[in-house]
Number of protein chains: 2
Amino acid sequence: MAMNLTVAIDGMGGDNAPDMIVAGIDMACQRLDGVDFLLFGDESLISPLLDRFPDAKAHCEIRHTEEAVSSDAKPSVALRSGKNTSMRLAIDSVKSGEAEAIVSAGNTGALMAMATVVLKTLPGIDRPAIAASLPNMKGQTVMLDLGANIDCDAANLVQFAVMGEVFARAELGLAQPSIGLLNVGVEGLKGNEAVKEAAAILQSSSLPIKFYGFVEGDDIGKGTVDVVVTDGFTGNVALKTTEGMVMLVASQLRNALTSSLIAKIGALFAGGALSRFRNKFDPRRYNGAMLVGLNGICVKSHGGTDAFGFAHAVEVAVNLVRRDFNEVIKEDLSRLMENKEPELRSVAN
Amino acid sequence: MAMNLTVAIDGMGGDNAPDMIVAGIDMACQRLDGVDFLLFGDESLISPLLDRFPDAKAHCEIRHTEEAVSSDAKPSVALRSGKNTSMRLAIDSVKSGEAEAIVSAGNTGALMAMATVVLKTLPGIDRPAIAASLPNMKGQTVMLDLGANIDCDAANLVQFAVMGEVFARAELGLAQPSIGLLNVGVEGLKGNEAVKEAAAILQSSSLPIKFYGFVEGDDIGKGTVDVVVTDGFTGNVALKTTEGMVMLVASQLRNALTSSLIAKIGALFAGGALSRFRNKFDPRRYNGAMLVGLNGICVKSHGGTDAFGFAHAVEVAVNLVRRDFNEVIKEDLSRLMENKEPELRSVAN
C-alpha cells in the first residue's frame, strides 16, 4: 500500500487567501491521487470554506493559528516575531518530517528568510534562489534567481549556475544543460562587476558545466541556453515584464479577432488552435517556483494567482517530491563540489 | 522656401552596415520630404551601394573615413583613439551645426561616451539616458534608461525621472505624465538602496512631477504609469526580454494557425486582423531610442535591425528635430530645476 504524501500549505498567504487557497487545493485534489494536506491558518475562516469544497475537505487537516505574515512585513520582523504564523508553522512541519513539501503564496522575502533559517541551505550554498521554467522557442528555459536575492555578488551567481544546472537536469531531463549569464551585451566588456567576475570564474573553471557565456534578455524567449542565471532584482523584473507583455499580447489578439465580422468568422474556425495557443502562455500554467538550495521542497506561488494557478503550484511541489528532486540535487551538488576548482571553493564558502 | 533638414548617419555602425544603413536611408527617403543626409563611412563600400539605391543617392553626401568603432570596442578606447571614426565624425557634425541630428546603430557605450563628451549634457544632468516608447494596454509607456548606464545611484534615477517626464510630455503629448520607479515589489520595503533612496527624494519633493511610486515589471505592459524609470542594466534586460517573448508569441501563433486545415481556413478569414495585430508588435516599428539629456538629438538604432527598422530610427530623429524636441526639453528642464528642492539639488549637482 503506497503511503500518502503530505503537503503543508500556508493557508493565509496570497492576495485572496484563504478562499483562493482552499479552492486551489480542491482543484488539485481532483487531479492528484494520494496527496494529503496540512492546512495552516485561521480555522474560523477555513472551516466554512472547506464545507463548500468537499474534495479539499476530504484531504485537509486544519492546523489552527490566528497569526499570519502580512504581505508588507519585513523579512527580519517576520523571522523574529512570526513563530506562530501560518507560513512559519507550515515550514516547521517540513523540518519535523510531518510534511514532505510546503507551498506558500505569501510574502516572498519572509518565506525565504524563514525557510532558510528553519530548513538550512545545502552544503556549499550561501543563499537559496527562486527558480522556475518559462516557455521558449524550443521548449523551456530554467531561470534563477527570480526575486529571492536583491543584491548578488559573483559567488552567488556562480552558486546559482551550479544549482540551475542540476535543476534543469532534474526538471527538464537534459543530460548536459547549457548555462548563460544574463547581461546587457555579449561582448564580454559590458556589464557590472558581479556578472563579469562570475563569467571569469565559470569560464576558467574545469567544473563539468556547459557554460555558454553571456546572454541577453531576448535569449530567454529564443531558448539560446537551457538555464539563464541572474540576480533576483533583474530576474524578477524580467519575469514580471514578460507576464505583463504576454497579457498585453493576449488582449490585443482578442481585440483583433473581434474587430470585424470577417475576423470573428476566422476566429471561429481557428478557435481550437487559438485556444491551445492561449493556453500555452497562460501564466497560471507556469505558477509555482521553487526555492532551490534548501534542505526541503519549498514552492512559492504567485501572490496574485487564482485557484487554478495555486493548484498548479501544488502540483509542482508534488512532482518535485515524487521525483526525489532534492535527493538528486544533493547528490549532484556534492559530485559537482568534489570537482570544484580552488577559486570556486574560495567564493562558495 | 523651407530649408532642408540634415541628419548625420554613422554609416559603419550595426551588424549589417553599411548595406543595411544605405537600404534604410533609401526607405526613409521614400517616406520623408525635405531631409538630406551626411553619410559617414568608407566611400569604397558606400558608393557602390548608393548606385543600387537611387533615392538614397539623391539625398546623401558621403563623408569618407576608413575608421569605424567596432561593436566590441571599450567606450574609453573609442573615445581616446576614435576621433576619425564614422560615429565620432557624425556626432561632430551635429556639434558644428552642419547636421541637426545623428543616428547610429553602432556600439552603444561608445556612442554614449562620444556624444556626452562632444555634445555635453543639459544643465543639471550628470549622464544621458536611453529612452524609448513601448506599447502598453492603453497606449505607450516611455521607459528609461534602456542601457546607457549600468550602475545608477539615486541621483541618476531622479534625473531620469525628470527627463522621462519631459520626454513623455513632448513625445506622447501628455499634460502631466505619471512616473513610476521600477522595483521588485510595491510595498516600499523591497528593492535595492538606489531605488529606495530615489523614491524617498521624489516622494518628499515638491517638484511638479506626478510620482506614482514603485511599479513592477508587469506594470510596463499594463500601462500603470506613463514613464517607467530604471537603471540601464535592468532596463536593457527588460526591453530585450520583451523583444524575445514577443518573437516567441508570434512564432507560436504562426504555428497554431497552420496546425490544421480548419485553423488555416480561420487564419485566412482573420488574415487582415491578424496582420494588424502582428504589425503592432513588430519590434522594428519601435526601433530608434533617444539619448536624452544631451545638447543635440542623438538616436540609437538597434544594432541587429534591418533596413525597415533603421528607416524607422531615422524617422524618429527627424520627428524629434521637427518638433524642436530638445528646445522643449531644455525649457521644461530649466523650469523644473527652478522649482527643485534642496535635496534634489544636492544629489543632482
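**View 1. Contact of α1(B) with α13(B) in a predicted model.** B:Met20, B:Ile21, B:Ala23, B:Gly24, B:Ile25, B:Met27, B:Ala28 and B:Arg31 of α1(B) meet B:Ala307, B:Phe308, B:Phe310, B:Ala311, B:Val314 and B:Glu315 of α13(B). Residues are in contact if their C-beta atoms, placed from the backbone, lie within 7 Å. By class, this contact has 11 nonpolar, 1 polar and 2 charged residues. Nonpolar means Ala, Val, Leu, Ile, Met, Phe, Trp, Tyr, Cys and Pro, charged means Asp, Glu, Lys and Arg, and the others, Gly among them, count as polar. Helix α1 of chain B spans residues 19-31 and helix α13 of chain B residues 307-322; their axes come within 7 Å and cross at roughly 55 degrees. This makes α1(B) oblique to α13(B). Angles under 35 degrees count as roughly parallel, over 145 as roughly antiparallel, 65 to 115 as roughly perpendicular and the rest as oblique. Axes are lines fitted to C-alpha atoms, for helices over the stretch in contact, and angles run from 0 to 180 degrees between N-to-C directions. The crossing of α1(B) and α13(B) is right-handed; a crossing is right-handed if the near helix is turned clockwise from the far one by less than a right angle, and left-handed if anticlockwise. Helices (H or I, at least four residues) and strands (E, at least two) are DSSP runs, numbered from the N terminus.

Residues are numbered from 1 along each chain as its sequence is written, while chains are lettered from A and ligands numbered from 1 in the order in which they are written. The model is predicted: local features need pLDDT of at least 70, side-chain atom pairs count only at pLDDT 80 or more, and totals for chains, interfaces and linings use all residues.

View 2. A residue is buried if 20 or more other C-beta atoms lie within 10 Å of its own, exposed if 12 or fewer, and partly exposed in between, with C-beta atoms placed from the backbone. B:Leu320 is 219 residues from B:Ala101 in sequence, yet the two are 8.7 Å apart in space, C-alpha to C-alpha.

**View 3. Strand β5 of chain B and its pairing partners, β10(B) and β6(B).** Of the 7 residues of β5(B) (129-135), 7 are buried, so the strand is largely enclosed by the rest of the structure. B:Ala129, B:Ala131, B:Ser133 and B:Pro135 are buried on one side, and B:Ile130, B:Ala132 and B:Leu134 on the other. β5(B) pairs with β10(B) (289-292) in the antiparallel sense over 3 bridges, and B:Ala131 has B:Met290 as its bridge partner there. Strands pair if DSSP finds at least two bridges between them. With β6(B) (140-144), β5(B) pairs in the antiparallel sense over 5 bridges; the partner of B:Ala132 in β6(B) is B:Met143. The hairpin of β5(B) and β6(B) has 4 residues between the strands.

**View 4. Helix α5 of chain A against the sheet.** In α5(A) (86-95), 8 of the 10 residues are buried, among them A:Met87, A:Leu89, A:Ile91 and A:Val94. The cover over the buried residues includes β1 (5-10), β2 (35-41), β3 (60-64), β4 (101-104) and α6 (108-119) of chain A. The helix lies across β1, β2, β3 and β4 of chain A and runs at about 160 degrees to β1(A). Just after α5(A), A:Gly97 has a positive phi of about 90 degrees. The open sheet of chain A has 11 strands in the order β3-β2-β1-β4-β11-β10-β5-β6-β9-β7-β8, with mixed pairing. Its edge strands are β3 and β8 (210-215), each pairing on one side only.

**View 5. α10(A) and α12(B) where the two chains meet.** In total, 61 residues of chain A are in contact with 61 residues of chain B. On the side of chain A that touches chain B, the largest share, 21 residues, comes from α10(A). The axes of α10(A) and α12(B) (271-280) are 8 Å apart, at an angle of about 150 degrees, which means that α10(A) is roughly antiparallel to α12(B). Their crossing is right-handed. A:Gln252, A:Leu253, A:Ala256 and A:Leu257 meet B:Ala273, B:Leu274, B:Arg276, B:Phe277 and B:Lys280; these residues divide into 6 nonpolar, 1 polar and 2 charged.
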